[in-house]
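Work through the exercises below with the sequence and the coordinates at hand. Each task is followed by a solution in steps.

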Number of protein chains: 4
Amino acid sequence: MNNMPSAQAQEDEVLYLHRVSYGETDCMGVLYYAEYLHIFERARTAFTHARGLSYKEVETRGIYLPVREALCRYRGPARYDDLLTVACRVAKPRRASFTFAYRILDESGTALLAEGWTEHACTNAQGKPVAAPDWFRRAFFPPA
Amino acid sequence: MNNMPSAQAQEDEVLYLHRVSYGETDCMGVLYYAEYLHIFERARTAFTHARGLSYKEVETRGIYLPVREALCRYRGPARYDDLLTVACRVAKPRRASFTFAYRILDESGTALLAEGWTEHACTNAQGKPVAAPDWFRRAFFPPA
Amino acid sequence: MNNMPSAQAQEDEVLYLHRVSYGETDCMGVLYYAEYLHIFERARTAFTHARGLSYKEVETRGIYLPVREALCRYRGPARYDDLLTVACRVAKPRRASFTFAYRILDESGTALLAEGWTEHACTNAQGKPVAAPDWFRRAFFPPA
Amino acid sequence: MNNMPSAQAQEDEVLYLHRVSYGETDCMGVLYYAEYLHIFERARTAFTHARGLSYKEVETRGIYLPVREALCRYRGPARYDDLLTVACRVAKPRRASFTFAYRILDESGTALLAEGWTEHACTNAQGKPVAAPDWFRRAFFPPA
């Protein structure tokens, strides 16, 4: 898993490499469609680590980021043992919400296999929407 | 699992009941967001059975229905052991594609916990788009 | 899902029916080996409901049942859309632990596809082993 | 994911690092018990790569390795974002079967969180047991 990604990250993107396991495939022989949301989660965790934080720490500071909406567009199949490159960035930063956008590329970094996004609210521990604090905006949001 | 759903099916909807398992929840204490796509799959399987077919049989007749796009909007949490009602219907029937639309309700059938859709292509075994055959349209598509 | 099981329950067994979904299969075309533990969990939930309790309620009363060890022996493949019968019973009741034993049969109830067990500790909310209380023993353990 | 493992591999062991995702945890706040089998699969894939092969290639050469039995003993909880070290080795090499043994350690490599094994048959594409070929024994089995 310490391979270097072949894909070129666009500005503000963080790359995450994912090896497709047997358990993630289905009897059509390809990566099952729900597994892409698990991979999106791993990619935004990698994004968070690359920004010097962990989601655990974000929660410890009292900020929760529940998913409000998720979309995935499937463009080409991924198969067992494929090494996928997932590019993740923050889009649509707002006062109390934002979006992670994802591109899943094949190992060569040339073919787009899937793309999607997850929309997140910023809430407190009670689930009430709160404005994203400054430390969070500085770490997560692209510079204006 | 032989409970009667409390929710009222709308025209052309098929209802599927789903018990939330421990393994489907996450450390926030709620149904994990990717699990909704598994539940959508189970709901469209129930829809297919209610139409007198099985997806296995559809494949045997040479028609495949890969997911092209999936969306889920999360409106309220579902928790361990909750009995969910999932209402599933076909929307946007087209020549070589169609959409399943889903509503996930709580046990009482009053609160909408999530809603979403999956867009499917009709293809042959080689993945080439083909027009939905008449037997398929009659079984799956709502009357014009 | 309101089909009647064809299999005959042995004394103290509770039957649970499970439809194999696409998402549970792998690219070998069969039910993936980790999914059996999810199905075991659903079977012991059904067992608990059949005994007039829910695991949620057991936890509310201060008793937790973490899995200490799990084993599954795979005897034959299960495939997409197969309707499995899972027979679950309590074995080896002890002071602060017990075992659930499982048999997974095909739809006809004749072929044994898998069997296994999960060993559970009885603990309090802090994870400390405690003797199974009388109400729990009466509900879960077979009569001596 | 390119961190160096802190744990010391024993002879013939291959180490694999695994970050616990949100989707792998359950509402008790810990890694769900079925997920360990997914992690075992990823560890034996890493083992296979370290031996200069891939399981895909093994299958292409006509050898299949279905799981006959799996066991996991859970010794301590793993939580969201924990970086686990999984040590995997081949045990009990036989004519037409063998076992992978696993140890899951915490990030520091000192605490044993879980251990287990999976027993595999060697079969041809039709599922018939066959003797492990020489190229396979040389790559997978420890020297006698």
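**Exercise 1: Overall form of chain A**

Task: Compare the radius of gyration of chain A with that of a compact globule of 144 residues.

Solution. A compact globule with 144 residues would have a radius of gyration near 15 Å, and chain A has 16 Å, which agrees. This is a predicted model. Next, take the extents: along its principal axes the C-alpha trace of chain A spans about 45 × 30 × 25 Å. Then take burial: 42% of the 144 residues of chain A count as buried, a residue being buried if 20 or more other C-beta atoms lie within 10 Å of its own.

**Exercise 2: Elements and contacts**

Task: State in what order helices and strands follow each other along chain A.

Solution. Chain A holds three helices and five strands. Along the sequence they give the pattern β-α-α-β-β-β-β-α. As for contacts in chain A between residues at least 6 apart in sequence, 66% join residues at least 24 apart.

**Exercise 3: Chains A and D**

Task: Find how chain A is laid on chain D, and describe the side of chain A that touches chain D.

For the interface, 15 residues of chain A are in contact with 14 residues of chain D. Helix H1 (35–50) and helix H2 (55–60) of chain A each supply at least two residues of this side. The largest share, four residues, comes from H1(A). By type, the residues of this side are five nonpolar, six polar and four charged.

Finally, 93% of the interface residues of chain A are also interface residues in chain D, so the copies meet through the same surface.

Definitions and conventions. Residues are numbered from 1 along each chain as its sequence is written. Chains are lettered from A and ligands numbered from 1 in the order in which they are written. This is a predicted model: local features need pLDDT of at least 70, side-chain atom pairs count only at pLDDT 80 or more; totals for chains, interfaces and linings use all residues. Copies are superposed by least squares on the C-alpha atoms of residues with pLDDT of at least 70 in both. Two residues are in contact if their C-beta atoms, placed from the backbone, lie within 7 Å. Ala, Val, Leu, Ile, Met, Phe, Trp, Tyr, Cys and Pro count as nonpolar, Asp, Glu, Lys and Arg as charged, and the others, Gly among them, as polar. The radius of gyration is taken over C-alpha atoms; the globule rule is 2.2 Å times the number of residues to the power 0.38. A residue is buried if 20 or more other C-beta atoms lie within 10 Å of its own, exposed if 12 or fewer, and partly exposed in between; C-beta atoms are placed from the backbone.
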